[in-house]
Amino acid sequence: MRPEADADPHWVSALAGCSLTAAVRRLEEARAERRLFSHLARAHGREGRASYIEIDAPLELYALVRELRPAHVVEVGVSSGVSTAYLLEALRRNRRGVLHSVDRPTFATSAHRPRASWSLPPGREPGWAIPSGLREGWDLRVGDKAELLPQLAAELPQIDLLLYDVPHDDAGTFGEFLSLDPRLRRGGVAIADHGPGGSLCGALARWARRTESKPVGRTGLGLYGFAKHRLHSKATRRPHRGAPGSRSSSREVQRP
Ligand SMILES: C[S@@+](CC[C@H](N)C(=O)[O-])C[C@H]1O[C@@H](n2cnc3c(N)ncnc32)[C@H](O)[C@@H]1O
């Protein structure tokens with residue numbers, strides 16, 4: 001596991017609707033969580049694999065939770081628990097909010113022979129690398145997203161932040177986002193990962209149009225964020241990378 005070197009304050013600021021200064025401060029706070037990083041890196045090392053597939057922008061997740069101060073966060077895709085641990089740590093610092101995570105695990109046949117890059121080591125549960133001190137109050141639901149997301153949508157009063165870090169196909173994804181949509185509050189943020197350098201999938205481009213949420217891509221990653229009903233916020237009209245005076249590394253995606 002490597003520390004994230006190129007965290008993007010512009011992406012955080014565009015999605016949270018906060019100033020760039022606030023986003024930079026939150027990312028510095030996340031980077032200072034060295035004990036959390038060391039714990040995760042040691043836990044991975046002990047399992048005999050250098051890395052598991054994990055979110056490439058854990059610091060931004062932390063920063064978003066600190067800025068949005070969510071009551072309910074929904075995460076799909078836990079694996080060893082890197083994204084989960086950063087979300088939980090930020091909620092702990094906020095002293096409010098619950099993380100609801102969904103995962104249908106795949107198991108490795110042996111420690112050195114993973115079936116998928118996220119397969120759990122034999123005998124482990126989703127989120128096995130998360131420090132025990134962060135687990136209290138964590139709502140982990142084991143099963144298929146297609147079944148569990150509509151259940152969560154029926155149970156939760158609102159969703160403030162959604163992280164969708166799971167392999168997905170168009171038909172299922174659009175239906176799942178539609179089922180969550182009535183709970184995702186105005187200004188709430190959804191983030192979906194499309195793998196390294198992946199482009200925005202058709203399902204989420206459609207969902208973004210429907211909910212008037214401008215997709216903002218994190219440069220270099222297949223991560224796209226959407227702030228619901230904030231198509232024209234000031235934060236998303238920042239200068240493009242390369243424009244004079246701009247340090248922006250986020251991408252605004254042309255809506256199809
Ligand atoms: C890319 S990994 C998640 C990485 C994690 N967010 C992190 O930062 O470490 C994808 C996860 O999705 C889970 N998954 C795959 N298909 C699923 C499904 N249909 N429903 C729920 N979870 C699923 C896998 O078990 C795996 O843990």
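Visitor: What covers the buried residues of H7?

Guide: This is a predicted model. In it, the cover includes helix H6 (145-155) and strand S4 (159-164). Strand S5 (184-193) and helix H8 (202-210) are also among the covering elements.

Visitor: Which residues of helix H7 are buried?

Guide: In H7, residues 170-180, they are Thr 173, Glu 176, Phe 177 and Leu 180.

Visitor: What puts these residues on the same side of H7?

Guide: Their arc around the axis is only 95°, so they lie on the same side of H7. The general rule: an α-helix has 3.6 residues a turn, so residues three or four places apart point the same way.

Visitor: Why is Ala 205 called partly exposed?

Guide: Ala 205 has 19 other C-beta atoms within 10 Å. Buried needs 20 or more, and exposed means 12 or fewer. The count of 19 falls in between, so Ala 205 is partly exposed.

Visitor: Where is Ala 205, and how many residues separate Ala 205 from Phe 174 in sequence?

Guide: Ala 205 sits in helix H8. Phe 174 is 31 residues away in sequence, and the C-alpha to C-alpha distance is 9.4 Å.

Visitor: What describes the packing of helices H1 and H4?

Guide: The axes of H1 (residues 9-16) and H4 (residues 58-68) come within 10 Å and cross at roughly 35°. The crossing of H1 past H4 is right-handed.

Visitor: Which residues make the contact?

Guide: H1 gives Trp 11, Val 12, Leu 15 and Ala 16. H4 gives Glu 60, Ala 63, Leu 64, Glu 67 and Leu 68.

Visitor: How many residues of the contact of H1 with H4 are nonpolar, polar and charged?

Guide: There are 7 nonpolar, no polar and 2 charged.

Key:
Residues are numbered from 1 along each chain as its sequence is written. This is a predicted model: local features need pLDDT of at least 70, side-chain atom pairs count only at pLDDT 80 or more; totals for chains, interfaces and linings use all residues. Helices (H or I, at least four residues) and strands (E, at least two) are DSSP runs, numbered from the N terminus. The arc is that of the directions from the helix axis to the C-beta atoms. Two residues are in contact if their C-beta atoms, placed from the backbone, lie within 7 Å. Axes are lines fitted to C-alpha atoms, for helices over the stretch in contact, and angles run from 0 to 180 degrees between N-to-C directions. A crossing is left-handed if the near helix is turned anticlockwise from the far one by less than a right angle, and right-handed if clockwise. Ala, Val, Leu, Ile, Met, Phe, Trp, Tyr, Cys and Pro count as nonpolar, Asp, Glu, Lys and Arg as charged, and the others, Gly among them, as polar.
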